[in-house]
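Here is a short briefing on packing and sheet layout.

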Amino acid sequence: MKGTDSAFRIVEVLPDLLATYGDGGNAVVLQERLRRRGIATERISVRIGTALPSSGDIYLLGGGEDAAQILAAAELRRSRALARVAAQGRVVLAVCAGMQILGSTFAGVDGRAVKGLGLLDLATAPGRTRAVGEVVLEPTGSALSQPLTGFENHLGITTLGASVAPLGRVVRGIGNGIDGIDGVLAEHVVGTYLHGPVLARNPELADLLLSWAVGDELAPLRLEAVARLRHDRLHAVQARRARMLHRGRRAN
Amino acid sequence: MTRTGSAVTAPAPSVAPAPSAVVAPRTTPAVIAGQVPSGRARRSVRLRVALRCGAAAAWLSRAAHLGRGQMIGGRIVLTLAPDALAQLSTGRRIVLVTGTNGKTTTTRMLAEAISSTGDRVATNATGANMPDGLVAALLAAPRARTAVLEIDECYLPTVAAATRPAMMLLLNLTRDQLDRVGEVRILERRLRAAVNAATDCTVVSNVDDVLTCSAASDARRVVRVGAGTGWTADSQVCPRCFSMVRRGSGPSWSCGCPRQEPMWTLAGSTVLRHGTTVGQVQLSLPGKGNRANALMAVAAANALGVPVPSALKSLRVLRDIDGRFGTVAWQGHDVHLLLAKNPASWREILAIMTARSQRSRRSVVLCVEARAADGLDTSWLWDVPFEQLRGVDVVATGSRAADLAVRLDYAGVDHRIVDDPRDAVATCSTHDVDVAATYSAFRKMRGWMADERH
């Protein structure tokens, strides 16, 4: 629960290493969604060599390439700051490489296993082929009701342990690559392979994270542009599938 | 593993899609940078047959109004004679230009600089930068002893082996079409291997860009140019020593590797070689990026024997690079077309547009597509500081206008959405319109503009 006399703090964790894929946009979305509700925000970028504040309200980790991901994991392991933050129950969103780092191990350069932070019961191994394309998820659990849409681009296959749940069931795309699911949901930590950025395409998820951090439900906020984008993206995936099915039928 | 849906998967971890045809390496000796070769080499029977088939296909293409036929001609030739590129390169001085941004512009600049000495130059001025485009360019100028060819970064290794170039220019390496190209680091490693294999080649490298500096670091012959860098997000970690890159306020940077000082630098518009002034860059083309391209072109030209004053003079007249930066009267407006393909080039384009908006009233049309040539995903929109367009009259158009609209909304940029790019331009309230478009949208608009002129 945050105090009422200070700005809401959005902390970007190592964006110099973990923001390959436009994931900085997640911070922009959260900041703007709060600003439009009259809530003052502060956006803090914690680059390598800077101490991670423990007073953040939400922590964001994005995707990154191999060498950068390995450096980021080493830095976060060394400082233990993120572990402390997660233990305090702060809200964390971790995308792609960021999610992989939170697990026990992930695949580094040339597929060799690298030690993760061990904050979540998951592990990532290299896949045979890259998963690239539009993704649609049906959320599992009761916190979300709308489909999730995004774009994935990753090699890793992530296996969840028994003590954590996925973010959603894969309707289109690959996701974690095992059991037809994507991402992870554990207390107030959310991980996913969806870029887009994920919060730009999925306002329900954005507001869920904010309501956890604020400790209260937020006033509804509907952006027409977002509704139109979701309609376009979900429709595009359906149309592509229909074309492929049609082609398949014609060939037979 | 359960697979659902229809996600596109690409082979990992390598980056490039398989070339449209096999490109065989060249076995004849290379021409080194200072020489101009004596003449054309003999062509094999197989190649001669392939050329006839290619010419026939090109003729058919023109007869059926499908296009000028250069590309299909080149493709057929390569399919029938995989060593076509090697044969067509033999006896010629080949210069390859690659990098994420600036290839077409720098290629044009270098070709103009060399032409200023009277040499005929073969070049792919329309940006057809895959192997078939290079074949077409070499066929189109059979008497040219020198060829300046832009080549897509993914294809440089095979094309370098095929053409055994006298010179390679490495401009910059940043993220671009991540779903097609894959990780930038893998590209750097492959370029580094290609440089190391090309032992007779002079490499002109931008040492202000961490990745191109690294790719050229072991080249036997190298010309180091400080061409600057606007985008550093893909090069935070040195690909050779794996430590963090430390940057100051200017373009210089350091890591665990020995520092490589540039021989050529720019101070504003002043060109310096070993710290001594050798001329001024005067361009009709806008933006800092184009001055950097000019520096690379002048340094390369000089290493090929072109005097600096001639090279600089030849660049002054350039106004339009294959449709980029040019002005066309269209739909009742003066339209200035700009190509923006990835966050680095979008930043450069935004800087040009906002500077112009401060000087005169104009509208901005942003056209975003996500076809194969653009990269299928639009997450990169969030790496572009569109906030700079607040207060400007902005129109969003293209097949991914919805993605752009969300980005603009969150950026606090008021805008209209118009589905058809032609209407987007036609309905602008100002006479001057800057149009920034992704690659396939850019080509489509250029085609419309050309059609209406005829």
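In this predicted model, B:Leu366 has contacts (heavy atoms within 4.5 Å) beyond its neighbours within four places in sequence, among them B:Trp346, B:Met353, B:Phe386, B:Leu389 and B:Leu408. Residues are numbered from 1 along each chain as written, and chains are lettered from A in the order written. Local features need pLDDT of at least 70, side-chain atom pairs need 80 or more, and totals use all residues, while side-chain values use heavy atoms, without hydrogens and water.

**Cores**
- A nonpolar core joins buried (under 20% relative accessible area, 1.4 Å probe, protein chains only) Ala, Val, Leu, Ile, Met, Phe, Trp, Tyr and Cys residues through side-chain atoms within 4.5 Å.
- The largest has 140 residues, and B:Leu366 and B:Phe386 have the most contacts inside it.
- Helix H10 (288–303) of chain B gives the most to this core, with nine residues.
- A second, separate core of 43 residues includes B:Leu51 and B:Tyr155.

**Sheet**
- Helices (H or I, at least four residues) and strands (E, at least two) are DSSP runs, numbered from the N terminus.
- Strands pair if DSSP finds at least two bridges between them.
- Nine strands of chain B form an open, mixed sheet, ordered S3-S4-S2-S5-S6-S7-S10-S11-S12.
- S3 (121–123) and S12 (276–280) of chain B are the edges; each has a single partner strand, so one side of each lacks a neighbour in the sheet.
- S6 (202–206) and S7 (221–226) of chain B pair in the parallel sense over five bridges.
- B:Ser205 stands opposite B:Arg224 in S7(B).

Conventions:
Buried means under 20% relative accessible area, exposed over 50%, partly exposed in between (1.4 Å probe, protein chains only).
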